[in-house]
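Come along and keep the structure open beside you.

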Amino acid sequence: MRVLLLGSGGYLGRYVAEHLLADPAVQLTALGRGDDADVRFDLSTGSPGALTRFLNAVHPGVVINCAGATRGGARELTRHNTVAVATICESLRRSGCGARLVQLGCSAEYGPSQPGSSTAEDAVPRPGGPYGVSKLAATELVLGSGLDAVVLRVFSPVGPGTPAGSPLGRLAEAMRRAMQAGDGELKLSGLGVQRDFVDVRDVARAVHAASLSAAQGVVNIGSGRAVRLRDAAAVLARVAGYGGTLHEIDGPPGRGPLHHVAAGGPAGSQIEHVGGGAGYPYPDGCGSWQQADVRTARDRLGWRSRIALEESLADIWMEAACRI
């Protein structure tokens with residue numbers, strides 16, 4: 001199977017590339033903006049004609065798009081997440097190579113959901129921020145393209161390589177600093193939200209399965225279980241061997257969720273709650289709760305998550321600990 005992978009240098013793309021390279025039946029070509037790509041090409045500024053010529057030369061059977069941006073203003077997000085996908089769809093239509101398109105979407109496309117509910121693929125999307133809007137627009141372009149295409153709506157990816165700027169990345173960094181300084185207390189905000197965490201290596205498996213399947217439309221990729229961020233913090237403290245007290249504060253003492261203020265104090269290996277407000281919002285615009293209905297992935301891809309959150313958090317901590 002000849003596969004063209006777009007965005008191989010990103011967080012998800014790296015693990016998709018690694019997983020595909022382990023399959024001897026896959027002939028992989030990576031296209032992206034970084035030096036590690038086989039071919040340098042910027043989807044946000046490159047022309048459909050140039051990409052069409054490349055598709056005609058390589059003639060892939062599957063095109064996987066892991067490229068995109070998670071940060072920036074509305075203009076930048078639209079350029080990298082929406083315009084780029086429009087370029088891909090137009091190029092595939094022009095090339096006539098008949099390649100299957102696997103597009104990585106995200107749960108931010110759904111926006112806030114009712115606490116206790118599981119979000120299925122037929123839910124009406126109501127993204128709560130420009131990132132979710134830009135990704136939803138990309139999904140609609142793919143679904144309306146007439147191509148053989150599937151969109152994997154990935155919920156909250158976690159595991160090795162988790163970006164330091166993400167909530168769990170900041171949590172690990174805060175704990176690392178506290179342990180390095182010998183602080184017995186760690187004050188954290190924004191721990192009340194609940195998210196469906198899925199290991200990035202499981203996401204890579206889902207991409208591979210989608211490449212081989214005939215599934216079309218939208219497919220949720222998640223664990224099917226929402227976890228409160230404060231519970232994830234407790235697990236991370238356990239795997240890190242942090243014996244101090246985690247104080248949960250509701251207000252945003254800094255510029256974002258999981259800002260921390262560390263101070264010396266008695267070790268307690270517990271989380272104590274301070275205040276009574278809603279806390280700082282999680283940065284994906286999805287409110288206090290998200291949980292995936294993953295029956296479609298099970299039934300149409302034969303896929304389900306395998307890696308437990310504790311293992312994912314242990315891998316995040318190993319990377320953070322190496323910075324001590």
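Here are my entries, from the whole chain down to single residues.

**Entry 1: the whole chain**

I began by noting that this is a predicted model. I looked up the secondary structure and found 9 helices and 14 strands in the protein chain. Next I checked burial: buried residues make up 53% of the 324 residues. I also looked at contacts with a separation of 6 or more, and 84% of them join residues 24 or more positions apart.

**Entry 2: aromatic pairs**

How many aromatic pairs does the count come to? I got 2 aromatic pairs. In one of them, the ring centres of Tyr11 and Tyr15 are 6.5 Å apart and the planes stand at 85 degrees, so this pair is edge-to-face. I then looked up where the two tyrosines sit: both belong to helix α1, which covers residues 11-21. They are 4 residues apart, about one turn of the helix.

Are these tyrosines buried or exposed? Tyr11 has a relative accessible area of 14%, so I wrote it down as buried, the cut-off being under 20%. Tyr15 is also at 14% relative accessibility, and it counts as buried.

I turned to Tyr110 and Phe155, an aromatic pair that is tilted, with 6.1 Å from centre to centre and 35 degrees between the planes. This pair links distant parts of the chain, as its residues are 45 apart. I found Tyr110 in the loop between β5 (100-106) and α4 (130-143). Phe155 is in the loop between β6 (149-154) and β7 (156-158). Both Tyr110 and Phe155 are buried.

While at Tyr110, I asked which residue lies over the face of its ring. It is Arg153, at 4.5 Å from the ring centre.

**Entry 3: back to helix α1**

I went back to α1 to list its buried residues, which are Tyr11, Leu12, Gly13, Tyr15, Val16, Ala17 and Leu20. What covers them? The cover includes the strands β1 (2-6), β2 (27-32), β4 (62-65), β5 and β7, and also the helix α6 (200-212).

**Entry 4: two helix pairs**

I looked at helix α2 (residues 48-58) against helix α3 (residues 74-95), and they pack at an angle of about 50 degrees with their axes 8 Å apart. That angle makes α2 oblique to α3. Their crossing is right-handed. On the α2 side, the residues that meet α3 include Pro48, Leu51 and Leu55. On the α3 side, I noted Thr87, Ile88 and Leu92 among them.

Then I took helix α5 (residues 167-181) with helix α9 (residues 309-321): the angle is about 50 degrees and the axes are 10 Å apart. I therefore put α5 and α9 down as oblique to each other. The crossing of α5 and α9 is right-handed. The contact is made by Leu168, Ala172, Met175, Arg176 and Met179 from α5, together with Leu313, Ile316, Trp317 and Ala320 from α9.

**Entry 5: a backbone angle**

Last, I looked up His59, in the loop between α2 and β4. Phi of His59 is near 50 degrees, a positive value in a residue other than glycine. Its relative accessibility is 43%, so His59 counts as partly exposed.

Methods. Residues are numbered from 1 along each chain as its sequence is written. This is a predicted model: local features need pLDDT of at least 70, side-chain atom pairs count only at pLDDT 80 or more; totals for chains, interfaces and linings use all residues. Side-chain values use heavy atoms; hydrogens and water are left out. Rings of Phe, Tyr and Trp (its six-membered ring) pair if their centres lie within 6.5 Å; planes under 30 degrees apart count as stacked, over 60 as edge-to-face and the rest as tilted. Buried means under 20% relative accessible area, exposed over 50%, partly exposed in between (1.4 Å probe, protein chains only). A charge sits over a ring if NZ of Lys or CZ of Arg is within 6 Å of the ring centre and within 35 degrees of the ring normal. Contact means heavy atoms within 4.5 Å. Axes are lines fitted to C-alpha atoms, for helices over the stretch in contact, and angles run from 0 to 180 degrees between N-to-C directions. Angles under 35 degrees count as roughly parallel, over 145 as roughly antiparallel, 65 to 115 as roughly perpendicular and the rest as oblique. A crossing is left-handed if the near helix is turned anticlockwise from the far one by less than a right angle, and right-handed if clockwise.
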